[in-house]
Amino acid sequence: MGQAVPLVHQLFAAPIGGSSHGGLALAPLDDLDGTMKNCRKNAPPYSMDCSPGIENHAMFLVQSPEDLIIREIDEAAEELLLEHLAEAISQLSPTQARRLHARFTLEKKFREIATDEGISGSCACDSVTGALKKLQKIFTKNGWLEKGD
């Protein structure tokens, strides 16, 4: 019987960029000057699997049970935060709530809010700043936010 040829030798024995007999070949990533050479234009530079592009699927690995639990906890905490925020915003004056919504949800600038409401830009800024301070006090008072935050 013939002597077995190691896989590494088989891979490097094939022509660079592919093989004529359908086998797998490794192409060099770059030469000393940093350019890609001897690679087919639209093919991956190398693949250790029979399916080209299998390396792209490595980003979509199955998460561990611990990761799933952490994600569930994070989602629950975010949902609770949103509930607290809705409750706190309901305690603001309608004007402050409207201007806060315009500033952060609609992403308007203070001068845009001022133009819409017929007030000065500094008045819009003061109103939104006051709303934020009031929200912070509500969160602290209800224990939803520690004083250090």
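1. Helices here are DSSP runs of H or I with at least four residues, and strands are runs of E with at least two, numbered from the N terminus.

2. This is a predicted model, in which local features need pLDDT of at least 70 and side-chain atom pairs count only at pLDDT 80 or more, while totals for chains, interfaces and linings use all residues. Residues are numbered from 1 along each chain as its sequence is written, and side-chain values use heavy atoms, with hydrogens and water left out.

3. The protein chain contains five helices and zero strands, in the order α-α-α-α-α from the N terminus on. Of its 149 residues, 17% are buried. Taking contacts (heavy atoms within 4.5 Å) between residues at least 6 apart in sequence, 33% join residues at least 24 apart.

4. Helix α3 spans residues 94–105, twelve in number, and reaches 15 Å from its first C-alpha to its last, close to the 16 Å expected at 1.5 Å a residue. The expected span is 1.5 Å times one less than the number of residues. Just after α3, Glu107 has a positive phi of about 55°.

5. Which residues of α3 are buried? They are Gln96, Arg99, Leu100 and Ala102. These cover an arc of only 160° around the axis, which puts them on the same side of α3; the arc is that of the directions from the helix axis to the C-beta atoms. What covers the buried residues of α3 includes α2 (65–89), α4 (110–117) and α5 (121–141).

6. The axes of α3 and α5 come within 9 Å and cross at roughly 100°. Axes are lines fitted to C-alpha atoms, for helices over the stretch in contact, and angles run from 0 to 180 degrees between N-to-C directions. The two helices α3 and α5 are therefore roughly perpendicular to each other (65 to 115 degrees; under 35 is roughly parallel, over 145 roughly antiparallel, and the rest oblique).

7. On the α3 side of this contact are Gln96, Arg99, Leu100, Arg103 and Phe104, which meet Cys123, Ser127, Val128, Gly130, Ala131, Leu132, Lys134 and Leu135 in α5. The residues of the contact of α3 with α5 divide into seven nonpolar, three polar and three charged. Ala, Val, Leu, Ile, Met, Phe, Trp, Tyr, Cys and Pro count as nonpolar, Asp, Glu, Lys and Arg as charged, and the others, Gly among them, as polar.

Notes:
Buried means under 20% relative accessible area, exposed over 50%, partly exposed in between (1.4 Å probe, protein chains only).
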